[in-house]
Amino acid sequence: MSHSQSIHRVEISRSALESNVRVFRELAPDSLFMAVVKSNAYGHDLDRVVEALSGKVDWFGVNSMPEARRLRRLDARTPVLVMGINAHELMSDVAAPPEGVAVVVSSPDMLEWIEARAPTTAFHLKVDTGLSRLGAKGADLDACLDFLAARPALNWTGLMTHFANVEDVTDQSYALEQLGRFQTVIQRARAAAGERRLVVHAAASAPALILPAARLDLIRVGISLYGLWPSNETRLSALSRLDRLPELKPALRWLTRVVHVHGVPAGAKVGYGCTYQTPADTRVATLPVGYYEGYERGLSNRSHVLIRGRRARVLGRVSMNMIVVDVGHIPGASPGDEAVLLGRAKSGVAPDDQKGEAASEGIEEVSAEDLAELTGTINYEVVTRIAAHLPRVLLD
Ligand SMILES: *Cc1c(COP(=O)(O)O)cnc(C)c1O
């Protein structure tokens, strides 16, 4: 079955990804660009995204060593940082990590383990400046720096921290406190590093966008690489702080196909729990996605999909593998029609008509933010949860 025929399809736009990288290259020309591709590239598919970006970014960031190994099979050269929890329980197979893969270290204990078991492994020391998740601080940080100063042969290549709430606020005083703490550690770390040159970094998407002082040697861009704003607050801050708002292009469209259409009379119950009752005669379409595919149950009776360019409301509960939508107002809706679960409709009324694609007037869209708002979550979670088994295709 060719991709265009398959019932499920997640389209990833190579040109959107490239354009988003360019936005950051222009914004932070003096910083290296790390494409954060952890968690299956935020649901966009690690393989496709690495295929699209290989050779165009300076670093890749992943969560775990298995992700680093998967990435290495596709791209042999670009440096990779494993940013998740690198406890030795999770790293016992890492005496010799793949070429060009560095790990993040947060404790004296882990440094001792590296010296004893993986003495050539490259690592970045993480400093906790106020997120209280990973990273060394206080006496532990002092111990790390003393330990490293005394061991010039260890392959220490970077220093990093991570902000707690840049995307949650428009007042950045907490982030500036964190940055201040980090600046003092940078001095001490450079002294302890001696001849070793450290890549120093702190900024994820939101600080890279709106806090120039946080860009440092490298920016670690995840959500906005995929064309999404970290939050509305970040967008508002960018509006007020930058000369012009960077144009981020969402890289993902999530599609399925109508598999069944039937008429239902007024008063019909739809879905488990009979939570929806049709007020009038209508036609409904059944789509083969549910919460197993990543279409959240919290969207029951709330969201809509796009069929033939028109909005079709989800009726009743989202089940494990199916939803039912109202197509009473969409003439001709029939099995085989494309349904857009996330992303923009194509402009034409017929799903295969791509002619007017450039004309954006009146084109319906379901954004990751729309779905996030309906279930009280964030766009990060919406895209990351699209089931990994649905086929992704790289376009343009
Ligand atoms: C996930 C992650 C990022 C990327 O964050 P975005 O907000 O998606 O850009 C950056 N740094 C670290 C340490 C991360 O874990």
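The dialogue below treats the ligand shell and then a pair of helices.

Guide: This is a predicted model, in which local features need pLDDT of at least 70, side-chain atom pairs count only at pLDDT 80 or more, and totals for chains, interfaces and linings use all residues. Residues are numbered from 1 along each chain as its sequence is written, and side-chain values use heavy atoms, with hydrogens and water left out.

Visitor: Which residues come nearest to the ligand?

Guide: A residue is near a molecule if one of its heavy atoms lies within 4 Å of it. Of the 14 residues around the ligand, the nearest are Lys38, Tyr42, Ser205, Ile223 and Tyr380.

Visitor: Which side chain has an N or O atom 2.8 Å from a nitrogen atom of the ligand?

Guide: A polar contact is a pair of N or O atoms within 3.5 Å. Here the side chain of Arg220 supplies that atom. Ligand oxygen atoms lie 2.9 Å from a polar backbone atom of Gly222 and 2.8 Å from a backbone N or O atom of Ile223. The protein covers 92% of the 390 Å² of accessible area (Shrake-Rupley method, 1.4 Å probe) that the ligand has on its own.

Visitor: At what angle do α3 and α4 pack?

Guide: Helices are DSSP runs (H or I, at least four residues), numbered from the N terminus. Axes are lines fitted to C-alpha atoms over the stretch in contact, and angles run from 0 to 180 degrees between N-to-C directions. Helix α3 (residues 46-53) packs against helix α4 (residues 65-74) at about 45°, with the axes 10 Å apart. α3 is therefore oblique to α4; angles under 35 degrees count as roughly parallel, over 145 as roughly antiparallel, 65 to 115 as roughly perpendicular and the rest as oblique.

Key: A polar contact is a pair of N or O atoms within 3.5 Å; within protein, one must be able to donate a hydrogen and the other to accept it, and residues adjacent in sequence count only if both atoms are side-chain atoms. Helices (H or I, at least four residues) and strands (E, at least two) are DSSP runs, numbered from the N terminus.
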